[in-house]
Structures are given as structure tokens and as C-alpha cells.
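Please read them with the structure open.

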Amino acid sequence: MAAEPPEQLGFVTLDQFLHKLPARLTVLHDAGNGADRLRWVEPSELEDPTPYLLDGEFLLTAGLPFLDEGGREERVDAYVRRLVSARVGALGFGLEPYFDAVPDTVLQACRRHNLTLVAVPRTVPFAAVGLEFSRLLESDSAKTFRHLADTNKQLMRAVLSARPEHELLAALVQRVPVWAVLLGSDGRVRARGASGATQGIPASADPALLKPLLARLLAGSGPRVEMDSFDAAGSSLVFGYPLRSTRDATLGALVLGTDTPLTPAQNSVVATVVGLLELLVRQRTSGALAPSQLATALLLHPDRIAAGPTRHINGLKDLLAQSVSSTRSGELRVVQGIRPDAAPGTSRTGEGPVRELLDWRRLFDTKLVEVTDYGFAAITRLKVDDALLADVERLGWRLVIGSGTELTGLATAYQDVTSLRGRARSDRRSIRADEVSWSVTGLLGQEAGAMLAARLLGPLLALETVRGDGLLGILRAWLGENGSWDATAKATGLHRNSVRRQIGMIADLLGMDLDRAQARAELWIALQYTRRPGPLGGPGEGPATGPVQPSQPR
């Protein structure tokens with residue numbers, strides 16, 4: 001027996017079947033149709049079985065039609081000629097009980113009309129031949145299902161890619177032996193591809209030659225297939241599929257070309273690709289109407305968000321709700337994302353802004369996402385629970401999650417979230433606006449506050465511990481008492497002249513005019529972030545120590 005033939009997905013070929021049969025079967029004449037589809041195995045002893053046969057069958061006979069007068073050359077020739085006309089795939093001749101060898105008239109007729117002839121010895125019952133075909137057919141079906149599952153996964157990955165239409169066609173021609181051209185409603189080519197079996201895209205795929213086919217597709221309605229044929233390699237069969245909107249307007253077309261009919265499995269792949277391309281073209285042209293209507297309304301009438309007519313406001317709320325998969329009264333949140341370790345403007349995946357945008361839309365279940373130079377911003381109905389936050393942080397991102405609001409509060413919510421973004425970047429952690437203390441120290445964050453303290457208080461922090469801590473304590477007490485000498489003296493137990501002298505010393509060390517309100521405010525904020533102790537204490541500080549003692553009596 002010859003080497004095992006390659007698998008032909010979607011059906012059993014004659015070569016595959018013969019390879020599975022026992023080696024005792026002998027092919028007396030090979031008609032060269034081993035790659036053709038074998039539909040079934042059918043035993044028959046009728047003189048003319050063709051009315052009961054389907055094309056592509058393997059006919060089995062024990063030779064009864066060829067006994068007596070039926071064995072004459074003209075009768076045998078007519079029998080074989082009828083089988084060929086009925087497109088029988090092969091004739092299996094059983095060697096018992098009527099004949100111990102295939103009659104020469106049968107062999108010559110099969111050679112003359114080019115019908116594959118196989119001798120079946122008595123040791124191989126016809127029932128065993130039929131059973132083997134059934135097993136092979138069942139095995140092929142399982143392979144087909146596995147192949148279709150793998151193909152569908154590949155198609156889904158293509159849809160989520162940065163260039164979904166091009167990737168879908170690439171996946172299609174990899175799985176189905178066709179060339180493919182995707183055309184817009186204007187007749188222009190949007191994408192194209194070809195499998196190795198078609199030897200590239202032929203000249204017949206030129207848009208000018210496809211114009212009549214495209215015209216029929218654009219003029220028709222409903223799901224349909226338009227067919228054509230060209231006298232060129234890979235174009236004996238050309239199929240056109242319309243890509244339709246939800247209102248049955250033709251938005252484009254997919255045209256495929258091949259020289260051989262497609263199998264049911266291959267047609268299933270084509271149908272899936274057509275459906276996915278329809279979804280993509282709908283999304284690009286007529287789909288996702290709510291976000292585009294919302295954007296248009298806000299661009300043309302921004303003044304109506306807060307003070308517009310009730311009907312207009314409710315209409316905007318409805319469009320906003322559709323865009324975030326919510327209800328008109330549903331609570332919304334503004335979310336901003338940053339990557340502390342990435343340079344501004346870099347993509348999360350390196351696959352481009354389209355893929356990144358789709359990922360954020362999926363994660364936050366919203367169409368309202370903007371890719372920005374710092375990362376992204378989104379409007380979502382989700383509360384962004386700890387599980388979702390953990391998923392995002394595992395990707396190296398940190399979020400600023402706004403408080404719940406509605407349409408008229410989105411601008412303020414965005415400003416609040418933006419004000420916290422710097423803190424999230426410096427502290428390298430996500431922030432929820434609901435948990436933030438809305439003060440200068442609350443907004444500044446630990447890392448930024450520590451940098452401010454080091455810059456403004458550096459000369460004091462550089463002093464030896466006892467002296468430096470004492471001066472920090474005096475400064476903290478004086479600022480806390482609004483620059484009152486008497487109140488500071490009382491709080492520290494020092495004479496007011498000592499307080500004046502030491503504050504003057506601090507001003508000289510820091511090089512600042514402490515009579516200026518801005519200087520005092522900045523110093524007070526910086527003191528909240530020092531790790532050095534002082535009389536009034538501060539966030540994260542240890543026990544307070546007393547101020548520097550004067551060298552003269554009080």
C-alpha cells in the first residue's frame with residue numbers, strides 16, 4: 001500500500017479510504033481520482049444500480065450482473081459507462097462466489113472509461129468494507145470539529161487585533177484554499193489575501209473585473225451569494241458575499257475565488273468570516289450610534305449640559321447610558337490609568353492604540369475610553385472592585401478611581417481625578433477619590449511631600465540632630481500659632497525674644513522671607529512630611545522633643 005495520503009478536511013477521499021482497507025485489496029486500475037470526495041459505500045447486484053446511487057459512491061458487486069449474457073463485452077461496456085455517467089467514485093469487484101478473478105471485459109471497460117477498479121478478495125466481506133468507511137467518516141467528523149474549533153479561536157484573535165479585517169482574511173486563506181478580496185461599498189479594496197493553493201491573487205481579482213459582481217451584490221437585498229467565473233487560474237468559481245447593515249444596506253462585500261468546490265467545513269469557515277466582517281463594518285459605519293450621537297451633541301451644545309432643556313438633558317443621559325451599558329439613573333465614574341514605570345505615550349501591549357483602546361473598553365465595559373499621553377481615561381458604570389483593580393495592577397498600571405456622579409457632574413469628577421493623578425504616580429499606588437482627604441497634604445501624597453520637605457527644609461535637616469530638631473520644633477510652633485511671638489513663647493516655654501532670635505536664624509538658614517504668607521504656607525506643608533520630631537508633631541513623626549534652649553537667661 002502506498003504512503004498515507006494527506007488529510008483533506010471536511011470529507012473522506014478515495015485515497016484515504018483505500019489506504020485504510022486491508023492490503024489484500026488490489027487496485028487493478030487507478031483513474032487518478034484519489035483526491036475526490038467519497039460519499040458512501042454501496043453494495044448492489046442490480047444490472048443498472050445508477051438510479052439509486054449518489055455521485056461519489058464506492059460501488060461493490062460480486063459480479064452477478066456479469067453472469068451469462070451480462071458478461072458480453074457490449075453489456076459490460078454499457079454497465080461501466082452508466083457508472084461513470086453517474087459519477088461513481090470506484091467499482092469494487094468481489095472475487096467470490098461467482099468469479100475467482102475479475103473478468104477481463106470488466107477490466108478493459110474500466111480502463112476504457114477510466115473508472116477506478118478494485119479487486120476485493122473473499123477474505124474481506126463487503127460488510128467489513130462498509131464498516132471501515134463508517135469508522136473513517138466518524139473519525140473525519142471529529143477532526144473537522146476540532147479543526148473548526150481551532151479556526152474559530154484564530155478568527156476571534158484576528159478580530160481583536162490592531163488590523164482586524166486584514167487579519168481575518170489572512171486567517172481565512174490559511175484555512176481555506178481561496179483568494180479573498182474585501183471591498184467597500186465604493187468598490188475600493190480594503191484588504192486582500194491568497195492561500196498557497198491559489199498561487200497568489202490572480203488578475204481576475206482586479207476591482208474593475210469584479211465590478212459587475214459587486215453591482216449585483218449592492219443591488220440585491222438579504223443574505224445571499226452571487227457567483228461568477230473567470231478564465232484564469234484560481235478563478236473557475238468566484239463567490240461574492242454582501243456585508244450588510246442591521247437595516248439590510250450593503251456596506252461592502254467579500255469576494256472569494258477558487259478552482260475547486262468548497263467542503264461543508266470550509267463553507268462553515270467562510271460563513272463565520274462573513275459574519276465577523278459584517279460586525280466590524282457595522283461597528284465602523286452604522287454601529288455604536290450612541291457614542292457618536294453623544295459626542296456630536298456635546299460638541300455642538302456644550303452649554304446645555306448644566307442648564308439645557310430637561311428633554312435635551314434626558315436625551316444626553318440616555319445616550320450616555322447606552323454608551324456605558326447602564327441606565328439613565330445609573331451612577332458613573334471617571335477612571336484614569338497611568339503606568340509609573342513607563343514613559344508617557346507608550347502602549348500597554350506595544351500593539352498600538354486600537355488594541356489598547358479595545359482592551360480598556362472590554363475591561364471597564366464602556367465605549368467611552370480615551371487613550372492619552374499619560375495612559376487612558378474612561379467613563380464607566382463599574383465601581384471598579386478590588387478584583388478588577390488587581391487585574392489592572394498586574395499589568396503594571398495604577399488607577400485613579402473617581403467618586404460616583406451623573407452626567408452634569410462628570411466634568412468636576414474628571415478634574416478631581418486629574419488632581420490625584422500626580423499623587424498616584426509619585427506614590428506608585430492606585431487611589432480612590434472616596435478615600436482621599438481633600439486637603440493639600442491629602443492631595444500632594446507622601447513622595448511628593450517628602451521631596452518638598454527636603455527642598456525647603458534642607459538646611460535645617462542637615463544640622464546635627466539635637467540642634468536641627470530644636471529649630472524644626474520652634475518653626476512648627478511659630479507657624480502653628482500664626483506667627484504670634486507671645487503664643488509661641490507660651491507654647492514652647494521660651495522668652496518671646498528667644499523665639500524672635502531663633503526664627504530670624506531659621507529665616508537666614510532657609511534663605512526665605514518668613515513675613516510672606518506663601519513662604520509660611522509652603523513651610524507648614526513641608527513640615528507635615530518631615531520624619532524629624534518637633535513639639536507639635538506631624539504625620540508619620542516620632543515623639544516630640546523640646547526646642548533649642550537659649551544661651552542666656554529668660
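1. Two strands pair if DSSP finds at least two bridges between them. Helices (H or I, at least four residues) and strands (E, at least two) are DSSP runs, numbered from the N terminus. By that rule strand β9 (residues 237-244) and strand β10 (residues 250-258) run antiparallel, joined by 8 bridges. Leu 243 faces Gly 252 of β10.

2. Residues are numbered from 1 along each chain as its sequence is written, and side-chain values use heavy atoms, with hydrogens and water left out.

3. On confidence: pLDDT is the predictor's confidence in each residue, from 0 to 100. The protein averages 81, and 84% of the residues score at least 70. Where pLDDT is low, the predicted coordinates should not be read in detail.

4. Strand β8 (residues 226-228) pairs with β9 in the antiparallel sense over 3 bridges, and Asp 228 has Val 238 in β9 as its bridge partner. Buried means under 20% relative accessible area, exposed over 50%, and partly exposed in between (1.4 Å probe, protein chains only). In β9, 7 of the 8 residues are buried, so the strand is largely enclosed by the rest of the structure.

5. Helix α12 (residues 386-394) has Leu 388, Leu 389 and Val 392 buried. Seen down the axis of α12, the buried residues fall within an arc of 100°, so they line one face of the helix; the arc is that of the directions from the helix axis to the C-beta atoms. Asp 386, Ala 387 and Arg 394 are exposed on the other side of α12. Gly 396, which follows α12, has a positive phi near 95°.

6. On aromatic pairs: rings of Phe, Tyr and Trp (its six-membered ring) pair if their centres lie within 6.5 Å; planes under 30 degrees apart count as stacked, over 60 as edge-to-face and the rest as tilted. The whole structure has 12 such pairs. Trp 40 and Phe 133 have ring centres 5.7 Å apart and planes at 90°, so the pair is edge-to-face. Trp 40 lies in strand β2 (residues 40-43) and Phe 133 in helix α4 (residues 126-159), so the pair ties together parts that are 93 residues apart in sequence. Trp 40 is partly exposed at 38% relative accessibility, whereas Phe 133 is buried at 1%. Ring pairs join Phe 17, Trp 40, Phe 58 and Phe 133 into a cluster.

7. A charge sits over a ring if NZ of Lys or CZ of Arg is within 6 Å of the ring centre and within 35 degrees of the ring normal. Arg 421 lies over the face of Tyr 374, at 3.8 Å from the ring centre.

8. Which residues does Arg 328 touch, not counting those up to four places away in sequence? They are Asn 314, Lys 317, Asp 318 and Ala 321. Arg 328 lies in the loop between α10 (310-323) and β11 (333-338) and is partly exposed, with a relative accessible area of 44%.

9. Some backbone values deserve a look. Most residues other than glycine have a negative phi, and most peptide bonds are trans. The peptide bond from Glu 96 to Pro 97 is cis, with omega near 15°; Pro 97 is in the loop between β4 (90-94) and α3 (104-113). Asp 68 has a positive phi of about 55° and is exposed, with a relative accessible area of 74%. Asp 365 has a positive phi near 50° and is partly exposed, at 30%.

Methods: Predicted model: local features only at pLDDT ≥ 70, side-chain atom pairs only at ≥ 80, totals over all residues. Contact = heavy atoms within 4.5 Å.
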